[in-house]
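User: Could you walk me through some salt bridges and helix packing in this one?

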Amino acid sequence: MICREIYQKNPWRCDQWWRWISSVAAPPLRVTAVEREKFLNSVSRVQDPVFANPKTKHRAKNHDKGVFLSIPFGIRWCSLTTQTMADFPVGGVVDVPLAQTGEGIAECELLKWFVQEGEEVEEFQPLCEVQSDKATIEITSRYKGKVSKVLHVPGNIVKVGETLLKMVTDENVSVFPSNEAAQNIVPQDCKINELDDDSLLKKEKIYGVLSTPAVRSFAKQLGLTIEDILGTGHDGRILKEDILNYAARKGILKESSEILNEDSSAEQYLGDKKSPDISSAYGWEYEDRSLPLRGFHRAMAKSMTLAAKIPHFQYVEEVNCDALLDLRESFKNETSDLGIKFTFLPLLVKSLSMALSRYPLLNSCFNEESQEVTLKGSHNIGIAMATSHGLVVPNIKKVQSLSIVEITKELSRLQELALSNKLSSNDVSGGTITISNIGAIGGKFGSPLVNVPEVSIIALGRIQKIPHFDKDGNLYPVSIMMINISSDHRVLDGATVARFCNEWKRFVEKPELLMLHMR
Ligand code: CAO
């Protein structure tokens, strides 16, 4: 951004200060010493109060050394612009890397492109959507120009700092004459799509072909010569998507873009052209398939691996839900005008919060390094949600100060966002305890693992009407829900969990008690 303003000789305007900050907050990619010097000199040449401020220059220098500001959380939907410092327009072509998308995020999955090769792009126009462990993020362009090369396909895992796409920037953008970058120079008027395929392919052939055995075998299955295919992966590596693209161009498979947006099962690759002859010829129906873990699945693999190292204590109890069912019915009848759907969950969430007020240890986090437990001030109750993108656990913040109607609304907001894969980092971070209502799908009870660094998670089984005996031996029907409280046994002992459970059960079985304690 700064480069643009300086080299276009546009006056630097203070109202664009925020944009500069966002550049400085880009990831710590290295730039060459020459580029750094040029940049800093150019900054000092600008006669502007922003740059005259020594703090400003200090920040620019710091960024250059790899010190960067983390992008703040707490935003509902993030849209990040790609960085400038590491990718000054050189010779008209810029590499547009994946910027730092959040604290501790090292890689993201590319979900979809909003642009394609050859397309004109405006500054701040959305380029693509990526997904980190925590949220879905829209990446926007810092440049006006033309997309010359898209380097990834949906489904690829892109490391922070890795190039997403190449752009030929607007003619007006002056560039740094850089020796290192000379090889990247592309004439402004050349036709983007004709640019590279052939020349790159020749280069590829000189240096041999990079690809995994699985990709080679995939090409072989389709009867393709791998050397004929241009690789778009790192260092020209041939990816499965390159084979799909090539096969689609040759008319062997259906459109690759269609395939890539679908579930990547091998049977689907043949699309409409799939015929019993072909599939049986390759024996695909009976072969093992490898499906890469993506998005929330990937995050689940990571977090469950961590959780499995924790010694768990499981406590199972049954809860009489008759009163809960009655209450839900009357809420449903009385609140039809609010336009919200009442399920059991908001009542269970509120009563859980009431019980947590008496047993704060269940609403805590454990720091293994410092051997310290932090009792969390807020009851940010996470709700495990099953979505087509995988398991995700957004949390309802500050349940202790929310009414049941507010909890219901927030639950429905989170559920809607989860189903459309639009949860923000804020929605999924900061949880203090989790509820997993597996009973909404089925099952008597589950045995969940804690959502680290939380120390408790509660699985709710399906509410079922079953026969019980009264004290005189008479049978009567009762709606029972099994609950399983799993807790970190390093922090919680069985007795504390059992007492907490008794308290919660009391609130669920006699919801009128909530009124005594609710604020
Ligand atoms: N027992 C019986 N019925 C239940 C129930 C339970 N434990 N939980 C929900 N229901 C009922 C609801 O009351 C609703 O009934 P109606 O349609 O008659 O009103 C119906 O089932 C559907 O409920 P819902 O799913 O729309 O709403 P919810 O608020 O109860 O649950 C959510 C929301 C997001 C928790 C749930 O949909 C879900 O995803 N559960 C799965 C959680 C999961 O995967 N856990 C495992 C994590 S570990 O891998």
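Analyst: A salt bridge here is a side-chain nitrogen of Lys or Arg within 4 Å of a carboxyl oxygen of Asp or Glu. This is a predicted model, in which local features need pLDDT of at least 70 and side-chain atom pairs count only at pLDDT 80 or more, while totals for chains, interfaces and linings use all residues. Residues are numbered from 1 along each chain as its sequence is written, and side-chain values use heavy atoms, with hydrogens and water left out.

User: How many salt bridges does that rule give?

Analyst: The count comes to 14 salt bridges. One of them joins the side chains of Lys 166 and Asp 95, with N to O at 2.7 Å.

User: Where do Lys 166 and Asp 95 sit in the chain?

Analyst: Lys 166 is in strand 9 (residues 163-169) and Asp 95 in strand 2 (residues 93-97), so that the pair links distant parts of the chain, 71 residues apart. Helices (H or I, at least four residues) and strands (E, at least two) are DSSP runs numbered from the N terminus.

User: What about Asp 488, which residue does its side chain meet?

Analyst: Asp 488 meets Arg 490 in a salt bridge, again described from N to O, at 2.7 Å. Asp 488 is buried, with a relative accessible area of 1%, whereas Arg 490 is partly exposed at 34%.

User: And which residue pairs with Glu 410?

Analyst: Glu 410 forms a salt bridge with Arg 413, their closest N and O atoms being 2.9 Å apart. Because they lie three residues apart in helix 14 (residues 404-419), about one helical turn separates them. There is also a network of salt bridges linking Glu 107, Lys 159 and Arg 298.

User: Switching to packing, how does helix 13 sit against helix 14?

Analyst: Their axes are 9 Å apart and the packing angle is about 120°, where axes are lines fitted to C-alpha atoms, for helices over the stretch in contact, and angles run from 0 to 180 degrees between N-to-C directions. That makes helix 13 oblique to helix 14, since angles under 35 degrees count as roughly parallel, over 145 as roughly antiparallel, 65 to 115 as roughly perpendicular and the rest as oblique.

User: Which residues make the contact?

Analyst: With contact meaning heavy atoms within 4.5 Å, helix 13 contributes Leu 345, Pro 346, Leu 347, Val 349 and Lys 350, and helix 14 contributes Ile 404, Ile 407, Thr 408 and Leu 411.

User: What about helix 13 and helix 16, how do they cross?

Analyst: The axes of helix 13 (residues 345-358) and helix 16 (residues 494-509) come within 9 Å and cross at roughly 140°, and these two helices are therefore oblique to each other. Among the residues that meet there are Leu 352 and Ala 355 in helix 13, and Phe 500 and Trp 504 in helix 16.

User: Last one, where is Val 399?

Analyst: Val 399 lies in the loop between strand 16 (395-396) and helix 14, and Val 399 is buried, with a relative accessible area of 0%. Not counting residues up to four places away in sequence, Val 399 touches Val 349, Lys 350, Ser 353, His 379, Ile 381 and Ile 407.

How values were computed
Buried means under 20% relative accessible area, exposed over 50%, partly exposed in between (1.4 Å probe, protein chains only).
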